[in-house]
Amino acid sequence: MASAFPPQPRLAAVFAAALGVAAGVAAGPRAAVAALAAPRAAAAPARVEAAFSAEALRLPPDPRSPDEKVAPGLVLRAASAAADEELDVLVTFREPDAVRKASAGGPLGPARRGWIARTGDQVAGDLAGEGVRLSGRFPNLAVVRASVTPRGLAALAADPRVLGVTRNGVKRALDAEGDAVLDVPAVRGLGLDGSGVGIAVVDTGVDDTHPELPAGTKVARLWNAIGHDTDTHDGYGHGTAVAGIAAGLLTGVARGAMVAAVKVLDDTGYGTDADVLEGLDAVLASVANGNPYRIRVANMSLGGYFDEVKPPEPGRCDVLAPDYKAAFDALAAAGVLVVAASGNGGCTSGIAVPACISTALSVGAVYDADIGPAAFGHDQCTPSGCSDPKTGPDVVACYSDSGDRLDVFAPSFNARAPARGGGYLTRFGGTSAAAPYVSGVAALLAGASPGATPLELKGAIRETGTPLTDPRNGITRNRVDAYAALQRLLAPSSGSASRTLVVPIVLDAAGGGGARYTTELTLGNHGKTSSLVTLSYVAATRALPSAAGTGSMTTALAPGEQRVIPDAVAFLRDAGGLAIPVSGDQGGTLRITFTGLSDARAATALARTTSAVCNGSAGLAYPGVAVPAADAGPLVLFGLRDTAADRTNLAVVNAGTEGSATLRIVLVDGDPASGGATHEVDLPALGPGDWYQVGREKLLAAAGFTQGWARVERIAGDAPFTAYAVFNDNGTNDGSFVPAVPAGRAAATLTVPVLVESASYGSELILTNPTAEEATAILTWTEARGPEPGTGGSATVRLARNEQRILPEAVDWLRSQGIAIGARGPTIAGTLDVSFVAPSGSPVAGLAGVRTATADGASCRGGSYGLFYPAIGSTEAAADEAWVVGLAQNGTTRANLALFGTADGAGDLVVRYEVLDGTTGQVAFASEPIPLPPGAWTQVDGVLKGLAVTSAQVRVSRVSGVGRFAAYGVLNDGALPGERTGDGSYVAMTGVR
């Protein structure tokens, strides 16, 4: 994996030499420090244990190597330092989820502070002999300041309790009228002035002798991190101007708001990261002590760059600045929105630190009027300076940093602001001025809606206003509009996007083998606006004679909400008032229309149909599918079988609201000895919403085929349709859902997510050649878990025309073909790239899929439990983002998350995932960056365990690199491995872009 760090051998040598270990020693620094850290990690003060259980305080394994935890510039500095030279660093600890969720001002605040203190003491004690000396603490932040030798840096990097180590860098004031531009007078006209709200101005202090900013009634002296006291006198003038813009009595945006002065920069306008963090810790302490100044906003018109060289690369800021991320997360949890200036470096591919932290609301600069041509001196990314030949309202200033993490624009130049010592500045500017304008707006909004969360304040400001495009990089962001933001906050407006999904069937009905099937329905909206949801139910009277109750109902989903409906049929009857009988076999198609969405991809629906068995439940999951086009062509279903172990059903649905669809099923024998024999099944005409299932007695059994594939084609009608198949285990009744694939899908290399061989699970591989000519399947194996991760090899399979080959023990078969796979025993898992070629060498469109199953050793029925998943083509994979929805962790269900790289990557792809609470839409957990080169596969077992989240949506996004990736979830029966049946249901990704 390519990274911003020096070449690995050099870095390993630096760390190993610092620890007095040869660079080539296999154990390495991680093992050396783990031996020091482990013995003391379990102990905890009684006050911590009383609030957090030992299990809650346990940290999961950290997959990163030590060098990934150290800022790149710090590594270079350590490489050139003398052995006894001390480096000034900030160390951020990994927080257990329970601690991370405990707000500084909440009931668990004291316990959180106890954990932070305990961890600092332990790390200092454990590593004192390695050259680590604590030099500063931040009681409310999981961060310490330390003086470390190169050996000590290596020890910290290898310690499993450490999230990251960064240099204690330098931050400076970001120097360079906007009320009217921001439409603030309209808000003031409603009687809103920010009264009852406090703004923490984290800056050079505040001159509280100025008439606009009188001490006591307007300004509270909160903390001076330079002198470590409460003398917040401003010796530079920057903080006074910032405070005046945000909340001055005459010139401020929020003229009724209180200012809490926090001095973190000295009288020349400079300070260190440790100074800034000390100031933020003081804000948290004040909030925790009853929040006497009612702080809801923290303004930070300061910043800098990594190693004073450049802004962070897109998507990397949270990783490279874990200390600020921890601080801003803690502030958000305490109800404080951080507003930060984007920077004045003229950078167009990234913004300054700490504005680039994802939790902050970052502000760039625009002019508020035509001031004539303007020129500015050199700065970070403009060594020759920059100029704007033309200025005017909403023209982006050339000095304003811009990039992926920029949130909004605000006016910045020629601002009238209080001057230190009295009087006024008339040309105060820079993003330093833009940020307090927005902080003032945030205070107005917080005063109007005291219960609004920082996320809601940020969303109202960010998602409204006037769109402006930065001509330097094409990025479009809104220029803030206070009145529009207030309207959004008090009466959230609907988005303009809509989406319709069809869930083929929801059931409360008897099935084969004495099973009774019911359907759980999960509806999701991971967008930014509320959505009205209309559920239109069409009873499947053609297949279930007793079914009734066709009709519609409406409900609503809040932004970020995921609602789990345990019994869809009962919900439609009881909550929706549909006339669905409580007796007999009930079921039907569900057409779900979402309106008011911020993004059509935000709408999701997942059905999970299960049947009780004597040791739990078994079943399958299937997504709501987007309504296909009216001219939908033939669909293919493969992997079908009819044997002593399994039976297959096939279902079709008219997905339209008008018109009919008359369809035919063409079954093809997968046995090459048959020469591609076929069997046709003509279906009755389907009206809008009709669902029709063809049972085994009319499918493969009637044709005399033991296995094969099917083509579903239109005979008449013009309504859109969809289809799917299910093969069921005859012992357990467990079903495997087979989605339809468009016939003739463009030829491409497919990636099978995973093949597994273990003591409990095994995978069968299904290869189908649906063409009229012979084809060769080329299989390329990459081992992801096993004796030799990363190794691989290739094999080929020749397929006759129309042939389907099912390889029951796929990993063992690959081993038999000469691929270097270790002996059966430990768990072996890996991805498989599959491509199909004709005898001429040209590519052809083939199909591949896997059924992974485990024998039923616990229930009374015999048989197996498993799931089916198709291979994914590179064009179906994600380039930037994918979602896995419907995940659950409760008394009967647990969820796993899996990620893999498809075949077209370049080897440097890095992704991360975030778990969003399905109830609140809030991020409950964010992973560290995960390398995902082509063929890589990783599974996060129990992805929701320990998060206090019962229902979740997961967003997987690209951090850096190129190439495509995919993700999926598995819902397992049983809260813990070994409980209930362990049956898995495959959850495909959605929202791909």
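Is Glu713 buried or exposed? Glu713 is buried, at a relative accessible area of 17%. Here buried means under 20% relative accessible area, exposed means over 50%, and partly exposed lies in between (1.4 Å probe, protein chains only).

This is a predicted model: local features need pLDDT of at least 70, side-chain atom pairs count only at pLDDT 80 or more, and totals for chains, interfaces and linings use all residues. Residues are numbered from 1 along each chain as its sequence is written, and side-chain values use heavy atoms, with hydrogens and water left out.

## The chain as a whole

The secondary structure of the chain comes to 18 helices and 56 strands. The radius of gyration is 31 Å, close to the 30 Å that the globule rule gives for 993 residues, so the chain is as compact as a globular protein of that length. That radius is taken over C-alpha atoms, and the globule rule is 2.2 Å times the number of residues to the power 0.38. Helices (H or I, at least four residues) and strands (E, at least two) are DSSP runs, numbered from the N terminus.

Along its principal axes, the C-alpha trace spans about 95 × 70 × 60 Å. Of the 993 residues, 58% are buried. The chain exposes about 34,200 Å², and carbon and sulfur atoms supply 54% of that area. Accessible areas come from the Shrake-Rupley method with a 1.4 Å probe; for residues, only the protein chains shown count as cover.

Charge comes next. The chain has 76 positive and 95 negative side chains. The centres of the two sets lie 1 Å apart. Lys and Arg count as positive and Asp and Glu as negative; His and the chain ends are not counted. Each charge is placed at NZ of Lys, CZ of Arg, CG of Asp or CD of Glu.

## Helices

Helix α6 covers residues 109-127. At 1.5 Å a residue, its 19 residues should span 27 Å, and the end C-alpha atoms are 27 Å apart, which agrees. The expected span is 1.5 Å times one less than the number of residues. In α6, 14 of the 19 residues are buried, so the helix is largely enclosed by the rest of the structure.

Just after α10, Gly290 takes a positive phi of about 100°.

Helix α7 (residues 150-158) is mostly covered too, with 8 of its 9 residues buried. Among the buried ones are Pro150, Gly152, Leu153 and Leu156.

## Backbone features

Most residues other than glycine have a negative phi, and most peptide bonds are trans. His228 has a positive phi, near 60°. It is found in the loop between β7 (219-224) and α9 (238-247). His228 is partly exposed, with a relative accessible area of 49%.

Asn291 also has a positive phi, near 50°. Asn291 lies in the loop between α10 (273-288) and β10 (295-300). At 18% relative accessibility, Asn291 counts as buried.

A cis peptide bond joins Val353 and Pro354, with omega about 15°. Pro354 sits in the loop between β12 (337-341) and β13 (361-366).

## Contacts and pairs

Glu713 is found in strand β35 (residues 707-717). A polar contact of 3.2 Å joins the side chains of Glu713 and Arg711. A polar contact is a pair of N or O atoms within 3.5 Å; within protein, one must be able to donate a hydrogen and the other to accept it, and residues adjacent in sequence count only if both atoms are side-chain atoms.

The table lists C-alpha pairs.

| Pair | Apart along the chain | C-alpha separation |
|---|---|---|
| Leu213 and Leu250 | 37 residues | 9.5 Å |
| Val811 and Ala829 | 18 residues | 8.3 Å |
| Gly560 and Thr529 | 31 residues | 8.3 Å |

Leu213 is found in the loop between β6 (198-203) and β7. It is buried, at 0% relative accessibility. Val811 belongs to helix α18 (residues 810-816), and Val811 is buried at 1%. Gly560 lies in the loop between β24 (551-557) and β25 (562-565). At 9% relative accessibility, Gly560 counts as buried.
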